[in-house]
Amino acid sequence: MQKYSIFSLARNALSGHRNWPLAWRSPALKDRYEVIVIGAGGHGLATAYYLAKEFGISDVAVLERGWLGGGNIARNTVTIRSNYMRDESIPFYVKSVAMYEGLTQELNFNMMHSKRTMVDIVQTWPKLRELRRRQLVMDIYGSTYEQITTDEVRRRIPALTGGGPDARLPIICGMVHTDAGVNRHDAVAWGYARAADALGVEIHQQTAVQSLIRGVDGAIAGVETNRGTVRAAKVVVAVSGHTTTLTDTVGLKLPLRTMNLTAFVSEPVQPLVDVIVNCPDSGFYFSQSDKGEMVIGGAPDMGQSFRRDIKQHVFEDTVTAMLSLFPSFKKLKLMRQWGGHLDIAHDASPIMDQTDVPGLFITAGWWGGYKAIPAGGLTLAHLVAKGAPHPLMSSFTLDRFRHLDFILEAGTTTAR
Amino acid sequence: MMLIPCPFCGKRNESEFIFGGPVGADRPDPNAASDAEWVEYLTVVPNPLGPVQERWWHARGCGEWVTIWRDTRTHDIVRAPDGPK
Amino acid sequence: MAQSNRLAAGGRIDRSRPLTFRFNGKPYQGYDGDTLASALLANGVRVTARSFKYHRPRGIVGHGPEEPATLVELDGEDASGNRPATTVPLREGLSARSVNCWPSPEFDLGGINQLFSRFIPAGFYYKTFKWPNWHLFEPSIRKAAGLAAAPKYAPSCGYFEARHAHTDVLIAGAGPAGLLAALEAGRAGKRVFLADEGPEAGGGLLNRNLTIKGQPAMNWVADAVAELQGMANVTHLQNATVWAYREHNMLIVNQRMPEQNSLLERSWRIRAAEVVLATGATERAMVFADNDRPGIMLATSLQAYVNHWGVLPGQQVVLFTNNNSAYPVAADLAGAGALVVAILDSRVHVPDAAMKLVPDIPVHAGTVVAGVKGHKQVRAVRAVPLGGGAGAWITCDLLGHSGGWNPTVHLWSQSRSSLKFDETLAAFVPDSAAQRCRAVGAAAGNLTLDQIIEGGEDLPYAIDPLWRVEIADQKGKAFLDIQNDVTVSDVYLALREGYDNVEHVKRYTTGGMGLDQGKTGNINIIGTVAMQKGISLQDVGTTTFRSPYTPVSFGAIGGLREETVLFPYRHTPVTQWNKDNGAVMYEAGARWRRPGYFPKPGEGLQEAVNRECRAVREGVGVYDGSPLGTFELKGRDVPKFLDFLYSNVMSSLKPGDGRYGLMLSDDGLILDDGVAFRLDEHRWLISTSTGHADAVNQHMKKLLQTEFPGWQVMITTVTSQWNNATICGPRARDVMQALGTDINLSPKAFPFMSFRDGTVAGLPARVVRVSFTGELSFEVNVAPRHMATLWDKVMEAGEPFGILPVGSEASHVLRVEKGFLSLGHEVDGTVDAYDLGMGWAMSQKKPDYLGKRSVQLRRQSGHPRRALVGVLPEDPNRQIPEGAPLTPGGRREATEGLITACVWSVMNDRWVGLALLENGHARQGETAHVRLKDGVIPVRVTKPVFHDPDGKLLRS
């Protein structure tokens, strides 16, 4: 793998940048692999990378219907954080945040990781009680959350001029999550792809899996694609939103449904907001990208959908809530908006497990799993390689549904 | 924002409705179903790439529950497909 | 040098109305009808901007929303940033600045970036700035990146608003095709909505010298506009951009009203039976070395400045084209007095029809531009044969270029309708429609007037695409995306490194991701990728067209809906009394604004709450219980329904009696708790918690309408039909007597958990004996119109007994002392009725009710359960934060429970708490440990009740 650095950049500049190698190969598709990963999104690529890196399994094909990095990783708001409420969730996300912080060096690809903290704007007492509860549990796992006064909130976010004493929802205080950060989503996909490729993983774009194949023993045997049959004894489904589309082909029933989540960005402006702003009581969050755009997200649309749709009324509510707290944004302009679809489990927590079809693994139900990519990839690779769940994800298996033992984090934040 | 046909009020903006989820299997007899059957009934809903039967509550209208078929790929309100639901 | 480039006559400007404006601090003059861009060109201002990455000097390139180069920031009342100068209407006193340069575009210190540009190719930041970490570089990168300053204030005057509209036909674009469609639909009597982004109808005709049936085309436009004006069924908006095409034919229009001071912008949400997209076409750029130098403009934009604004931006013009549309441009420029030095046409054969338009202008077929002299101003261009060669330098001060035309398919594509690549037009054109819409005119690929309107005279369109100039010895950057400084080399680099999907190319190079969203350049990127990969443009495909078509202010999107419009709140008739009596009011869930506590002057929360609690425990208090959800259920099948809905048996209740019960969801979670009363044989009244009233209503109606449609149950929401004052405390009965009532209040005649109808203080009332405080309580329900009177009378009658109003904070303390459940505190999705010590509420008799099977199934797993317990901190003066975790021995490990509530109990003179604790029922008397960041609080585990454990008081 070509080492990226200021020196390699300078050297290549002298040769007119004509000698940069391919970031990844386009190898011929074989008819058999040890492991097939369906979906070259964040989780799929990370899983393939860690299979090769940590478990020595490099006979891996990542099959992607479109272009690598083109799934939800291409259209999310890059918020990385670990402020969860449950013992099952916090350590997993703490690990993921830590892995993200080292990812630029690990993959030799600049993720532009900006650990800039998240400030929750608290506007109701029940929300404050809930966040304080999270604060104290998070501390057990080394994740930070501190309460700050409204004055301090306004000092850190000068553009926050709404929410005064006479407002509909006056600001009560803030909660600061210093572990939170943002980075560059394309870089995460490309960095994992390039590093996985260097370890021997094959990435096949424009390779659409049409159905899964079971062997006579009932176990997974491979996949049917638009480029022919590819066999493997282990198949990982990492196709947020379309999980059931694939698992339906082997008659598997999963507690998942697919819905839309949208985001939008403003025009680029000079640096104004240095932190991630999350307003759970008002229902929106945003951060300012390094390019200057405000990257804004709101509540999901709970209806089932594969349309990657933007619901005008949901969008308008998000904008209006934002203008209540940030009235100067009335003059800021919307530049681009988009929707994605993702799947959500019955209890709204993720599922990573081997299914009832032996050899068939899924990672699903993340409904915004960007922050989980490194730990999700690592722990799923562990499960695939060793056949037993990694301790950090053992609660996220399908087994919990057999006893209706849900992991309920829902409603804890809008910034999912 | 979709236009949802309410049998009482006509086509109305989606913002008047609250999504009520897809229509799943009939509720099994809880005293006869196996654990697995019961869990499946509770947690597994149809999630098709295509027409799905679903319910909407006309909360900011007549207050009635409405059942429609809708294509999850296009959001077109469609006729009920033939065959069992 | 006043307006040196202004023509003596012509254009659609009002020369009688001169306007003065400032640009980068310097004063200039223009005319009413000018844009900032046309006025700057009229004044001979060439360098108007610096580029984003390399800080190269830039001028004005286009004449409309496609403008990629000149973005300005407006000062003063107009303040807003990143506005293309071509879309800023000139106004008296307008003050604008270039973005992205310091101190000025003429002399920009950032221009030093040009010196080391070779070290910063596409995606360079992915490869460097890694050591020691990004934080070292981020601040300077951020500062360099953002364009205009962020807005500092909301508009100081004026407002935004939003409207809904329904129409038979919505037409986007009032060019010839749009006007024709509007006339046709309007004459047929349909409701028509015509919206156009410009200040004046006419579209491309505004910029050109065309005729229809021998008459100037703009005459036809004027007639059409006048006829539409006369139709009551037609709404015609100018300055109104259709920027989003949503599902089910909903489109969003942003209307700007610069002439009307109070209203800044209006947002229209339009639902159309049919949509006609007459959005025209956008000219694309030619790609050659240094194609971004000031003075290099789109050919048709030159034509527009001449015809529309009476401005000739230069004197010696060269045109460079691959299609016919540059020929009418040349003719118009020559007609306006410019010297058109040459037309360089990359096509080997130029159609005769085109040649005929320019008999006196040298045309060099098969020739391209492969270099530009001039840094802040084009001085000469290098004309080279297509196949290469030495070529010749041609002196000029203006270069107009045309790379062909793209139908403006943004809205079409947003509607999810498909595109196909048309080889003849060398452009993506609408293919099949996904919604009820059609494209007409140039948007449909009919690029010339003769195709659109009968009698329209225009030069037929013909093109031989040239996606980029490839001359071996070409030096200089050839820009594909002028706004984001993306060059051909950048695309080559992306492809070389394997970023070969068009989406990869876009993301790696940032091509097409600027404010103009690549309106002039995207197709050249696609063409470059196609050529490099040896595949067709159809196979490369486009990147996704996203809304908005052009940037829209958030103010317009939000309309006038901030604060209480978006988040309305509910309150009761006692609100004014509460405020007058010093209550601290706040959001208490479910959008109810309620009094939290009633501090006396100088009193803090805790003192006030203690005082209120003591009144209830030792004397009497009153609270406003109106927000509690209340439903009346009527019908033969209500008992059956309630038995299914609640976990305990309700059907056995006798008229006049009530029972507390739990509602579960079918997956065994606690949904709500409340009280059900049987009013008579077939009428019932149930109450729900305030926060869950809407959810329970939805739940009940769904069950009845979808699961049990045959059951006879009618539900009426009566939450706001009844208000109540709940009088509670040992002296509550005395206050009731003092109020005067015809109800026998003796415990025997009117026991706990029953209700009586009668009069109280002369008001018709329903009195209910329930208790949420653990004390003797009378909930006096009256019609809302009587509530304020009742409240005054209660306070008056209660005064001798020291009655106090009680806020939600004291109510919380009182319920915690009693161990009464609060869904927001003790119920968090992990506990069931057994865990809460309410196993009695789980009927064993009933074979089925919601949640029964699921609770059984969950408990069969044998997994450890967390149970509700009381906790007493060993130090009675140690408060425990609500939500604090309990861990084994207080160690830093996985939690075994949490404190759900902790209050100062005036009755026990200490802090008491409730907790969910693993295996808690069996651990009473033991010590558990609360883990905080800064220490461990040992607590004694008790039963979850700290006052009147047997419930004698509430039954008294």
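How many bridges join strand β50 of chain C to strand β51 of chain C, and in which sense do the two strands run? In this predicted model, local features need pLDDT of at least 70 and side-chain atom pairs count only at pLDDT 80 or more, whereas totals for chains, interfaces and linings use all residues. Residues are numbered from 1 along each chain as its sequence is written, and chains are lettered from A and ligands numbered from 1 in the order in which they are written.

Strands β50 (residues 927-932) and β51 (residues 935-942) of chain C run antiparallel and are joined by 6 bridges. Strands here are DSSP runs of E with at least two residues, helices are runs of H or I with at least four residues, and both are numbered from the N terminus; two strands pair if DSSP finds at least two bridges between them. With 2 residues between them, β50(C) and β51(C) form a hairpin. Within this pairing, C:R931 has C:V936 in β51(C) as its bridge partner.

Chain C also holds an open sheet of 3 strands, ordered β11-β10-β29 with antiparallel pairing. Its edge strands, β11 (215-216) and β29 (456-457), each pair on one side only. Strand β10 (residues 211-212) pairs with β29(C) over 2 bridges in the antiparallel sense, and C:I212 stands opposite C:G456 in β29(C).

The contact between chains B and C takes 18 residues from chain B and 19 residues from chain C, where residues are in contact if their C-beta atoms, placed from the backbone, lie within 7 Å. On the side of chain B that touches chain C, β3 (18-22), α1 (35-43) and β4 (51-57) of chain B each supply at least two residues. The largest share of that side, 3 residues, comes from α1(B).

Methods: Contact = placed C-beta atoms within 7 Å.
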